[in-house]
Amino acid sequence: LSLLGELDEAIANRELDVHYQPKLCLKTNLIASVEALVRWNHPTRGPLRPDLFVPLAERNGRIAGLTLHVLERTISDLHTWKVQGHAMTAAVNLSAKLLNSATFLAELRSLIETSGIAPHVLTFEVTESAAMTNAAEAAAALESFQAMGIAISIDDYGTGQSTLSYLKQLPLDELKIDRSFVQFAHQNRSDGVLVQSTINLAHELGLKVVAEGVEDPECMAFLRAAGCDMIQGYLISKAVPAKALSALLERPV
Ligand code: G
Ligand code: G
Ligand code: NA
Ligand code: MN
């Protein structure tokens with residue numbers, strides 16, 4: 001069986017795993033949201049990173065199925081955490097390929113209905129990408145997700161091609177500053193200026209700001225002083241299985 005055939009089976013049998021990386025709210029010092037990151041523990045090749053199989057799924061028309069599998073798992077884990085007393089929200093990565101898929105939209109609607117989840121606990125993270133060639137079409141798709149109650153976040157902000165025009169044209173709720181700007185923001189003056197200005201710009205536009213790739217306490221202190229809303233990165237935790245996340249939520253930060 002080819003890797004694609006095996007991926008089809010893994011999706012059909014619901015064998016992909018989802019790990020969760022927490023986001024720490026700097027106002028409350030609480031973890032109230034996570035990013036869902038797909039994992040594939042391949043029976044013979046071992047653990048495969050998404051960089052290997054997500055593009056494969058995108059190229060071969062499998063990304064809707066993969067994403068719905070990730071969403072199903074995330075919704076189920078959100079339910080478990082809620083039962084354990086943790087009111088959490090979760091972000092799922094959305095390939096730009098799904099912005100013009102009527103099938104995905106219909107299946108998403110049906111998943112939300114059958115699962116009974118409150119859609120406002122979900123966020124879609126979308127990367128500024130070349131695939132988002134038709135901004136009007138992308139904006140219309142994002143508006144239909146928002147109309148359902150799902151929040152929209154722009155991922156890896158700052159690394160794409162037409163950053164400001166996306167902010168102008170897309171309906172957004174949150175901006176995630178790419179880790180290449182965040183990582184040394186507390187040490188490097190120009191990185192710091194770019195991060196602070198991006199936070200100010202986002203806030204002026206009414207968007208929440210997440211800084212990703214936070215690896216040390218000095219960086220967290222810089223972001224707190226800069227008014228950043230949430231941080232994500234190895235300082236808080238790497239992505240972990242759902243059970244490990246429960247344990248993390250029960251331990252004081
Ligand atoms: O942390 P990690 O190595 O898992 O992330 C690698 C890349 O894979 C990231 O760019 C992330 O956005 C992407 N990715 C992880 N899970 C998914 C998913 O469910 N769907 C899509 N489209 N991309 C994902
Ligand atoms: O593209 P996206 O931002 O969705 O991908 C998340 C990627 O970032 C994953 O590969 C994840 O392992 C990685 N990551 C998460 N936190 C950190 C961090 O603090 N430092 C670094 N270097 N990478 C991180
Ligand atoms: Na992401
Ligand atoms: Mn990102």
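Q: By class, how many nonpolar, polar and charged residues does the shell around ligand 2 have?
A: Keep in mind that this is a predicted model. Around ligand 2 you'll find Gln21, Asn93, Asp155, Asp156, Arg179, Glu212, Gly213, Val214, Glu215, Gly233 and Tyr234. Sorted by class, that shell comes to 2 nonpolar, 4 polar and 5 charged residues.

Q: Where is aspartate 156, and is it buried or exposed, or something in between?
A: Aspartate 156 is one of the residues around ligand 2, and its place is in strand S6. Its phi is near 55 degrees, a positive value in a residue other than glycine. A residue needs 20 or more C-beta neighbours to be buried and 12 or fewer to be exposed. Aspartate 156 has 18 of them inside 10 Å, so it counts as partly exposed.

Q: Which element gives the largest share of the shell around ligand 1?
A: The residues around ligand 1 are Leu37, Val38, Arg49, Pro50, Asp51, Val54, Thr67, Val70, Asn93, Ser95 and Ala239. Strand S2 (30-42), H2 and H3 are the elements that give two or more residues to that shell. The largest share, 3 residues, comes from H2.

Q: What is the arrangement of H1 and H2 relative to each other?
A: Helix H1 covers residues 3-12 and helix H2 covers residues 50-59, and their axes come within 11 Å. Those axes cross at roughly 90 degrees. Angles of 65 to 115 degrees count as roughly perpendicular, and therefore H1 and H2 are roughly perpendicular.

Q: Which residues in H2 do Leu3, Leu4 and Leu7 in H1 meet?
A: The contact of H1 with H2 has 6 nonpolar residues, with no polar and no charged ones. On the H1 side there are Leu3, Leu4 and Leu7, and on the H2 side they meet Phe53, Leu56 and Ala57.

Q: Is proline 22 buried or exposed?
A: Proline 22 is found in strand S1. Beyond four places in sequence, its contacts are Ile31, Val34, Ile236, Ser237, Leu245 and Leu248. There are 24 other C-beta atoms within 10 Å of proline 22, so it is buried.

Q: How many Å separate the C-alpha atoms of alanine 242 and tyrosine 20?
A: Alanine 242 is found in helix H10 (residues 242-249), and it touches Tyr20, Asp77 and Thr80 if you skip residues up to four places away in sequence. Along the chain, alanine 242 and tyrosine 20 are 222 residues apart. In space, C-alpha to C-alpha, the figure is 6.6 Å.

Q: Is asparagine 29 buried or exposed?
A: You'll find asparagine 29 in the loop between strand S1 (17-25) and S2. It has a positive phi of about 60 degrees although it is not a glycine. With 10 C-beta neighbours inside 10 Å, asparagine 29 counts as exposed.

Q: Which residues does glycine 160 touch, not counting residues up to four places away in sequence?
A: Glycine 160 lies in the loop between strand S6 (151-157) and helix H6 (163-169). It is partly exposed, with 17 other C-beta atoms within 10 Å. Its contacts are Glu128, Ser129 and Tyr166.

Q: What distance separates the C-alpha atoms of lysine 82 and asparagine 200?
A: Lysine 82 has its place in helix H3 and counts as partly exposed, with 13 C-beta neighbours inside 10 Å. Along the chain, lysine 82 and asparagine 200 are 118 residues apart. Their C-alpha atoms are separated by 33 Å.

Methods: Residues numbered from 1 in each chain as written. Chains lettered and ligands numbered in written order. Predicted model: local features only at pLDDT ≥ 70, side-chain atom pairs only at ≥ 80, totals over all residues. Near = placed C-beta within 6 Å. Nonpolar A, V, L, I, M, F, W, Y, C, P; charged D, E, K, R; others polar. Axes fitted to C-alpha atoms, helices over the stretch in contact; angles between N-to-C directions. Helix = DSSP H or I, 4+ residues; strand = E, 2+ residues; numbered from the N terminus. Parallel < 35°, antiparallel > 145°, perpendicular 65-115°, else oblique. Contact = placed C-beta atoms within 7 Å.
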